[in-house]
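Here are a few friendly notes to read alongside the model. Keep the 3D view open and turn it as you go.

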Amino acid sequence: MTPGALIQKARKLIQKRYEHGGHHAVVAAAVLTKSGKVYTALNVGTYQPSISTCAEIIAIGMAHAAEPGMEIEMLAAVRDANGYVIAPCGKCREYIADYGPDARVIIPADNKQGYAVMPIAELLPHKYVKRT
Ligand SMILES: [Zn+2]
């Protein structure tokens with residue numbers, strides 16, 4: 001699957017479900033796993049914004065539930081009704097790196113297509129690793 005096709009999967013969801021307000025849905029994410037399956041999800045808002053959960057994490061959770069041992073191949077996230085590409089936050093980068101050490105992440109870019117694809121290792125250098 002191309003990065004553009006994965007972006008379109010996320011965009012299709014946010015354009016259908018975009019909602020601003022208390023339980024807003026403003027971000028959609030699409031996760032492609034190494035098996036070739038795609039999982040899409042929305043952020044889950046609460047009336048307390050500081051405890052809302054990112055769409056990327058929910059999409060990763062859906063993939064994790066459906067495919068034991070799954071690994072992320074590529075991830076895209078888009079925002080607002082027009083579905084512009086956004087970069088994952090720091091917390092999401094930790095999840096992506098844990099569930100896809102060599103995952104590719106789509107980020108916004110000032111080029112013709114409006115996005116670039118970067119390895120998660122470049123988006124999260126010196127990742128946290130638990131020492132045993
Ligand atoms: Zn996030």
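In which sense do S3 and S5 pair, and over how many bridges?

1. **What you are looking at.** This is a predicted model, in which local features need pLDDT of at least 70 and side-chain atom pairs count only at pLDDT 80 or more, while totals for chains, interfaces and linings use all residues. Residues are numbered from 1 along each chain as its sequence is written.

2. **The overall plan.** The protein has four helices and six strands. Helices (H or I, at least four residues) and strands (E, at least two) are DSSP runs, numbered from the N terminus. Read from the N terminus on, the order of the elements is α-β-β-α-β-β-α-β-β-α. The radius of gyration is 14 Å, close to the 14 Å that the globule rule gives for 132 residues, so the protein is as compact as a globular protein of that length. Here the radius is taken over C-alpha atoms, and the globule rule is 2.2 Å times the number of residues to the power 0.38. Along its principal axes, the C-alpha trace spans about 45 × 35 × 30 Å.

3. **Inside and outside.** A residue is called buried if 20 or more other C-beta atoms lie within 10 Å of its own, exposed if 12 or fewer, and partly exposed in between, with C-beta atoms placed from the backbone. By that count, 38% of the 132 residues are buried. Two residues are in contact if their C-beta atoms, placed from the backbone, lie within 7 Å. Of the contacts with a separation of 6 or more, 55% come from residues 24 or more positions apart.

4. **Strand S3 and its partners.** Back to the opening question: S3 and S5 pair in the parallel sense, over two bridges. Two strands pair if DSSP finds at least two bridges between them. Across this pairing, Met-74 stands opposite Arg-104 in S5. S1 and S3 run antiparallel and are joined by seven bridges; Ala-29 has Ala-77 in S3 as its bridge partner. S3 also pairs with strand S4 (residues 84-85), in the antiparallel sense over two bridges, and Arg-79 has Tyr-84 in S4 as its bridge partner. Six of the eight residues of S3 are buried, so this strand is largely enclosed by the rest of the structure.

5. S3 and S4 form a hairpin with four residues between them. Look for Asp-80 in the loop between these strands. Its phi is near 65 degrees, a positive value in a residue other than glycine. Asp-80 is partly exposed, with 14 other C-beta atoms within 10 Å. His-126, in the segment after H4, is another residue other than glycine with a positive phi, near 55 degrees. His-126 is exposed, with 6 other C-beta atoms within 10 Å.

6. **The core.** A nonpolar core is a set of buried Ala, Val, Leu, Ile, Met, Phe, Trp, Tyr and Cys residues joined through C-beta atoms within 7 Å. The largest one has 41 residues, and those with the most contacts inside it are Ala-29, Leu-75 and Ala-76. Among the elements that each supply at least two residues are helix H1 (3-17), strand S1 (27-33) and strand S3 (72-79). Leaving aside its neighbours within four places in sequence, Ala-76 is in contact with residues including Leu-6, Ala-29, Val-85 and Ile-106.

7. In H3, Cys-92, Tyr-95, Ile-96, Ala-97 and Tyr-99 are buried, and the buried residues of H3 pack against H2, S3, S5 and helix H4 (120-123).
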